[in-house]
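Welcome, and thank you for stopping by. Please take a moment to look over the sequence and the model below before reading on.

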Amino acid sequence: MNSMDIAAKFTTLFVDMILPLLVGYGLRRIAWSFEKVFYWAITIGIVVLFPTMTAFSIWGLVPVFDLVWLPVFGVLLHLIPGGLALLWSRRKYDSSLDYGSYAISGFLSNHVTLGSLSAYILFGETGYAYTQMALLFNSLLMFGFAYPLAQYYRNQYDHGTGMKINFRQILFNRNQMPLVGMIIGIWLNWQGVPRPASFLPLFDLMIHFAAWTFLLPVGYSMDFTEVRHYWRDAVDITLIKCVITPLLTFVVAGYLISDQVAFRTLILLAAQPTAVNAVIAMKLFGLNLHLSVAAFVLSTAVYLSLVFPALFLW
């Protein structure tokens, strides 16, 4: 890889990952409210951008046997850090609001936004497509497990009698639209339908637009005043996310996956920081929001400054 390629990739990293966070954080200092704008932007991303990009990227994949392992590892990349965080939190806190926030911050990683964009920067369209395959059950894990778990911890704090899970709401909602895009992409690939090369420039633009769509609201939600008391907790979660999980994945995936792009994509996904959806869950269910924000901020900073450059040079 020549110096021009390296400069271009790091420029993309700054423009699509760091700059929207900085701009979003700057916007929170303005008196205007951007909540409705961000809501509609995220809606467009979930309903239009991600389904289209997923369908197009998978449409062009060359099928290999290693792909069957990707969704399996996609589940493990939730269970490994989530399980470790759950075990550690039980020994750290007395309140269910605290250990619930800690556990869910470990369980949910930023696979969709940072993971997809990172894979695209490092491995191009193929890496992006592999990411979508690995995230096959991502929505189900988030809305079918993490969110109900957050509700459980809230009910436990309030001495409630439990919760009732609405499986229809879990399976049939707008957040499942990327899964629809995946099904369409797999069908087109299986049918051998020629993929239009003229769509590639638009696909590239959609990648960049989607990154800003999701990272601007994240920067806007950062409040460093309240999260300063939880940096020690955030360090623990960052170690789980950015060190332990990728090392375990490296060992296991090395025995099962021979395709190097798929293997490296999994290692990249295993090192993703805490997801913004963890922060959203804390808001929705009234758990410890500041602990989750601290985990998101620190793990994201470590990922962008240390982990991603290391994976780039690997």
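Here is a short tour, from the overall fold to helix pairs, a charged pair and the surface.

This is a predicted model, in which local features need pLDDT of at least 70 and side-chain atom pairs count only at pLDDT 80 or more, while totals for chains, interfaces and linings use all residues. Residues are numbered from 1 along each chain as its sequence is written, and side-chain values use heavy atoms, with hydrogens and water left out.

**Overall fold**

The protein has 14 helices and zero strands. Helices here are DSSP runs of H or I with at least four residues, strands are runs of E with at least two, and both are numbered from the N terminus. Of the 314 residues in the protein, 50% are buried. A residue is called buried under 20% relative accessible area, exposed over 50%, and partly exposed in between, using a 1.4 Å probe and protein chains only.

**A charged pair**

How many salt bridges does a search of the whole structure find? The search finds one. A salt bridge means a side-chain nitrogen of Lys or Arg within 4 Å of a carboxyl oxygen of Asp or Glu. The partners are Arg195 and Glu125, and their closest N and O atoms are 2.1 Å apart. This pair links distant parts of the chain, 70 residues apart: Glu125 sits in helix α5, and Arg195 in the loop between α8 (177–191) and α9. Arg195 is partly exposed, with a relative accessible area of 27%.

**Residues brought together**

| Pair | Apart in sequence | C-alpha to C-alpha |
|---|---|---|
| Val23 and Gly219 | 196 residues | 7.0 Å |
| His229 and Ala294 | 65 residues | 8.6 Å |
| Leu140 and Leu179 | 39 residues | 10.0 Å |

Val23 lies in helix α1 (residues 3–27) and is partly exposed at 32% relative accessibility. His229 belongs to the loop between α10 (224–227) and α11, and at 60% it counts as exposed. Leu140 is in helix α6 (residues 138–157) and is partly exposed at 38%.

**A nonpolar patch**

Finally, Phe250, Val251, Val252, Tyr255, Leu256 and Trp314 make a nonpolar surface patch of about 620 Å². Patches take residues with over 30% relative accessible area and no salt bridge, joining like charges within 9 Å and nonpolar side chains (Val, Leu, Ile, Met, Phe, Trp, Tyr) within 5 Å. Accessible areas come from the Shrake-Rupley method with a 1.4 Å probe, and for residues only the protein chains shown count as cover. Phe250 is located in helix α11 (residues 231–256) and is partly exposed, with a relative accessible area of 41%.
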